[in-house]
Amino acid sequence: MLRIGVLVSGGGTNLQAIFDAIDSGKVRNARVEVVISNNEGAYALERAKKHGVDGLCIAPKRFADREQFYRALLNKLEEYSLDLVVLAGYLVTIPPAMIARYKNRIINIHPSLIPSFCGVGYYGLKVHEAALARGVKLTGATVHFVDEGMDSGPIILQKAVEVLPGDTPEVLQRRVMEQAEWIILPQAIDMIANGEFENC
């Protein structure tokens, strides 16, 4: 059974997609052990509670410096003996010590087709604003392993989504979530839980 920790900063729609996929059997041999947010007001923590999963806030502002925050985060993850850490809209830089500790065991969902619109400064609505400004006809989402770079780790899955005339960043964001993110993030977790990487 793959033991998962999910790190989130906001509403937790990708977290909900993971819960739904586990409940429906689309994700096999995996369960979420803990949800951690850097934001105490994150609705994702409420989603965790409703699902009977520990939901914790570990916020940088509660610590004297980043180093103490990172140590607290890593220590908390260690308590749960996790096999996989999922970044599902987590807007905090992951420290090198955590990447080293969970080498090839941290994955992230990014709302574009990497290498487009990724890296420093590309998060949330900014990704979709950039895609619309560039005039691309296709965008999408990418699940990738996390390494020391920004959105630079090996790609696991990608799914394309059409950009339609009249799209606003908000409308495009919603379509990318519904047609790509909520599909490929659970799919990647299922593949990892069941040793199916040779198929991707």
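Y70 has a relative accessible area of 16% and is therefore buried; the term buried applies under 20% relative accessible area, exposed over 50% and partly exposed in between, with a 1.4 Å probe and protein chains only. The model is predicted, so local features need pLDDT of at least 70 and side-chain atom pairs count only at pLDDT 80 or more, while totals for chains, interfaces and linings use all residues. Residues are numbered from 1 along each chain as its sequence is written, and side-chain values use heavy atoms, with hydrogens and water left out.

The ring of Y70 pairs with that of F69, in a tilted arrangement with 5.5 Å centre to centre and 45° between the planes. Rings of Phe, Tyr and Trp (its six-membered ring) count as a pair if their centres lie within 6.5 Å; planes under 30 degrees apart are stacked, over 60 edge-to-face and the rest tilted. F69 is buried, at a relative accessible area of 0%. Together with F63, residues F69 and Y70 make up one aromatic cluster.

The structure holds three aromatic pairs. One of them joins F117 and Y122, whose geometry is edge-to-face, at 6.3 Å centre to centre and 65° between the planes. F117 is buried, with a relative accessible area of 16%, whereas Y122, at 31% relative accessibility, is partly exposed.

Next comes the helix packing. Helix α1 covers residues 13–24 and helix α2 residues 43–50; their axes come within 9 Å and cross at roughly 20°. That angle makes α1 roughly parallel to α2, a term for angles under 35 degrees, with over 145 roughly antiparallel, 65 to 115 roughly perpendicular and the rest oblique. The crossing of α1 and α2 is right-handed, meaning that the near helix is turned clockwise from the far one by less than a right angle. On the α1 side T13, L15, Q16 and F19 make the contact, and on the α2 side A44, R47 and A48; contact means heavy atoms within 4.5 Å. By class, this contact of α1 with α2 has four nonpolar, two polar and one charged residues.

Where is H144 found? H144 lies in strand β6, residues 138–145; helices (H or I, at least four residues) and strands (E, at least two) are DSSP runs, numbered from the N terminus. H144 is buried, with a relative accessible area of 2%. Leaving out residues up to four places away in sequence, H144 touches I106, I107, N108, H110 and I114, as well as D151, S152, G153, P154, I155 and I156.

Definitions and conventions: Axes are lines fitted to C-alpha atoms, for helices over the stretch in contact, and angles run from 0 to 180 degrees between N-to-C directions. Ala, Val, Leu, Ile, Met, Phe, Trp, Tyr, Cys and Pro count as nonpolar, Asp, Glu, Lys and Arg as charged, and the others, Gly among them, as polar.
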